[in-house]
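Here is a friendly walk through one predicted model, taking in a loop, some helix packing and a pocket. Have a look at the fold first, and then read on.

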Amino acid sequence: MKIAVFASGRGTNLAAIIKAKSKGLINADIALVVSDNKKALALKKAQRAGIKAVFVDPQRFLTMPEFENEIVKAVEAEGIDLIVLAGFMRILSSDFVSRFQNKIINIHPAILPSFKGSQAIKDAYEFGIKVTGVTVHFVDNEMDNGPIILQKAVPIDEADTLETLESKIHKVEHKIYPEAIKLFIEGRLKIEGRKVKIV
Ligand code: GRF
């Protein structure tokens, strides 16, 4: 099995996935990292780990389909079985999603369907909820919406600041994303409508 990780930023989830592979938890080849951000630390982390790292410059393309087509070419050239979105700050088109149907997963730093969007940790913190968490889900045509693979709760304590909450959330992300990837690779995820059964 071959995995591609798409990331726009720091790449701490990518690093956790690389670590899980080196520990033998993930039995797959992390064959490709794609970023839309030249400065993404994720690209550096990939290179350091000897993974093919591709920067696809959105500025080079006039339209979104052309930009995505470049990504499709890179993914298909590697024969990728699973696309792992790890802080990829772009919404993929329905064409892209249907081309790789049920083969794209995402991690979101909240308990979906609450607090969708790019500011989820801050939104949850400011809302004053007492429990938030992390969701790993399949990607469908709506943002932060597809069938849920794993969720893990993270309590928000009175002493928490936004920063301490962020670090609690990231710690959980780094644990459950590799777990979800492992389940996918082992063929243990069965999608039934909105539900994902772990078999
Ligand atoms: C994570 O918090 C993830 O939940 C969200 O984007 C962030 C990516 O962080 N989708 P990193 O680049 O993996 O450090």
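Helices (H or I, at least four residues) and strands (E, at least two) are DSSP runs, numbered from the N terminus. A cis peptide bond, with omega about 10°, joins Leu 112 to Pro 113. Phe 115 also has its place in the loop between S5 and H5. The phi of Phe 115 is near 55°, which is a positive value in a residue other than glycine.

A word on the ground rules. This is a predicted model, in which local features need pLDDT of at least 70 and side-chain atom pairs count only at pLDDT 80 or more, while totals for chains, interfaces and linings use all residues. Residues are numbered from 1 along each chain as its sequence is written, and side-chain values use heavy atoms, with hydrogens and water left out.

Now to the helix pairs. Axes are lines fitted to C-alpha atoms, for helices over the stretch in contact, and angles run from 0 to 180 degrees between N-to-C directions.

| Helix pair | Axis separation | Crossing angle |
|---|---|---|
| H5 (residues 120–127) and H6 (residues 162–185) | within 10 Å | roughly 125° |
| H1 and H6 | 9 Å | about 55° |
| H1 and H2 (residues 41–48) | within 9 Å | roughly 20° |

Angles under 35 degrees count as roughly parallel, over 145 as roughly antiparallel, 65 to 115 as roughly perpendicular and the rest as oblique. H1 and H6 are therefore oblique to each other, whereas H1 and H2 are roughly parallel.

H5 passes H6 in a right-handed crossing; a crossing is right-handed if the near helix is turned clockwise from the far one by less than a right angle, and left-handed if anticlockwise. Ile 121, Lys 122 and Tyr 125 of H5 make the contact with Leu 162, Leu 165, Glu 166, Ile 169 and His 170 of H6, where contact means heavy atoms within 4.5 Å. By class, five nonpolar, one polar and two charged residues take part in the contact of H5 with H6. Here Ala, Val, Leu, Ile, Met, Phe, Trp, Tyr, Cys and Pro count as nonpolar, Asp, Glu, Lys and Arg as charged, and the others, Gly among them, as polar.

H1 also passes H6 in a right-handed crossing. On the H1 side the contact is made by Thr 12, Asn 13, Ala 16, Ile 17 and Ala 20, and on the H6 side by Glu 173, His 174, Tyr 177, Pro 178 and Ile 181. The contact of H1 with H6 divides into six nonpolar, three polar and one charged residue.

With H2, the crossing of H1 is right-handed. Thr 12, Leu 14, Ala 15 and Ile 18 in H1 meet Ala 42, Lys 45 and Ala 46 in H2.

Which elements each supply at least two residues of the lining of the largest pocket? They are helix H1 (12–22), strand S5 (104–108), H5 and H6. By class, the lining of the largest pocket has 14 nonpolar, 14 polar and eight charged residues.
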